[in-house]
Amino acid sequence: MNEEKNTALPVIVLAGRPNVGKSTLFNKLIKSNRAITHDMPGVTRDRMDGIVRRRGLEPFEIVDTGGITLDANAAPTEGPDGIRGFEAEILAQTDAALAVAAGVAFVVDGRDGLLPMDEHLAAHIRRKNIPVLCVVNKVDGLEHEDEILAEFHALGFPLLAVSAEHGHNIGALCEDLAEMAKNAETRQSGYLLGRDAKPLLRLAMLGRPNAGKSSLINALSGSDRMIVSDVAGTTRDSVDVRFENDGRIYEFVDTAGVRRKSKITDEVEKFSVNSAIKSTTKVDITLLVLDATEGVGQQDKRLIDLLATRKIPFMILINKCDLIAKNLLDALQKEIRETLVFCSWAPVLCVSAKSGLHLKDIIPMASAIHKECSIRIPTGQLNRALEQALHRHQPPLVKGRRAKFFYLTQAESEPPTFVFFVSDADRVPEAYGRYLDKSLRALFNLRHAPIRIHFRSSHKKSS
Ligand code: GDP
């Protein structure tokens, strides 16, 4: 019978508002014309699914959904004739598909441009926390591709221009989706096994004594939980503090030196850069707390330096901002920015554990950094990005010759690590490396994560 159905292939969901061309795209992907494109979309029929097979790619399942119509409040709103009355049902069906999806192909219409309804749906999909490829359909001619794509960058998803009707870029689409499916397989099985288990994000809070670490943790965790053992000699032991925020569990790990003020007696707390660095290896995101009234000390600078060179995802919190005047705070921020020249990606927040200033931005920022760090960019997209970057600025001549770029691949995540295969790595000047770094960051929305870039000499195209 239909064995394929039982093999549980990874699922990619096609989603989009009505009339963006999902059904045509679906047919192109499964190489059939069984979804009648002018039929009532997604309502009276069963869920449309099929298998995408292409030579050289792992097969995956594709699920077409009805056109989704959402308003700014993420509530279903009235759709066009064919689906009127079924909007909520379509959304529910789509959500059910998304719940087990390895990724989403979010389809938009390149001819219509970015519509508010696209943005509402994008926001809805973004909340699902699964990989998204924004497929800009109805782009038939290459001439205006960049122009057409430009406005869709605002969505923050990787983009691919296709024409379902004319078959433009369908091969590239299959490749990107197959990659998405493959990368998600492990993640998905974990997700399905522990559906209700909330993901845990581990954090470290570092900084000099009295910078306000304990106060911040208490403020963030919403209670006075910094309980330290009373047994003499154990007060320096690590304490983990857990709390929940937005459906996710956060844990401040190894909070040695972070404890109740009342427990600090004559013992002189030491802020050791070495032990601080050690604790960063146990966590996802590191929060370095500076005291606005004290400025950036030598130890802080050393620590920032280490965090930067080791590509540790971190953010800086300037605490006690309630205590200093705006002009002094501006000067301090400028000084910190200068310290961060080699890691301008690290975000800096001005906060106050006491007044509550910007405290609510801390956890979302930590999550955002972590999300960026976990990114997996399909090889097809990377190589198109490479082509674009090379086209915009070709590599400079070095000793009379230019390095040839063959291929780009992401070797690792956390932090994202990219390897460029080139004819001669010695002919890639540092400045050009920085340009490529910047280009990748801009194209894939990597704003606050550290990334690594390597150049590897190779004689031929690697596969
Ligand atoms: P830790 O040693 O880094 O854990 O620092 P604490 O959290 O114990 O804070 C040291 C002192 O600074 C305490 O007296 C806090 O009340 C005070 N403090 C912490 N954060 C702030 C803040 O944002 N504003 C002000 N005015 N005082 C703060």
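How much space lies in the second largest pocket?

Modeller: Happy to! Please keep in mind that this is a predicted model, where local features need pLDDT of at least 70, side-chain atom pairs count only at pLDDT 80 or more, and totals for chains, interfaces and linings use all residues. Residues are numbered from 1 along each chain as its sequence is written, and side-chain values use heavy atoms, with hydrogens and water left out.

The second largest pocket holds about 710 Å³ of space. A pocket here is an open set of points on a 1 Å grid over the protein atoms alone, where a 1.4 Å probe fits, with protein on both sides within 12 Å along at least five of seven lines. Points are joined across faces, edges and corners, and the volume is the space filled by probe spheres set on them.

Its lining counts 21 residues, and K311, V341, F342, R434 and D437 are the closest to the centre; a lining residue has an atom within 4 Å of a point. By class, 10 of the lining residues are nonpolar, 3 are polar and 8 are charged. In this scheme Ala, Val, Leu, Ile, Met, Phe, Trp, Tyr, Cys and Pro are nonpolar, Asp, Glu, Lys and Arg are charged, and the others, Gly among them, are polar.

Now to the elements around the pocket. α8 (298-309), α12 (430-443) and β15 (452-457) each supply at least two lining residues, and α12 gives the most, with 6. Helices (H or I, at least four residues) and strands (E, at least two) are DSSP runs, numbered from the N terminus.
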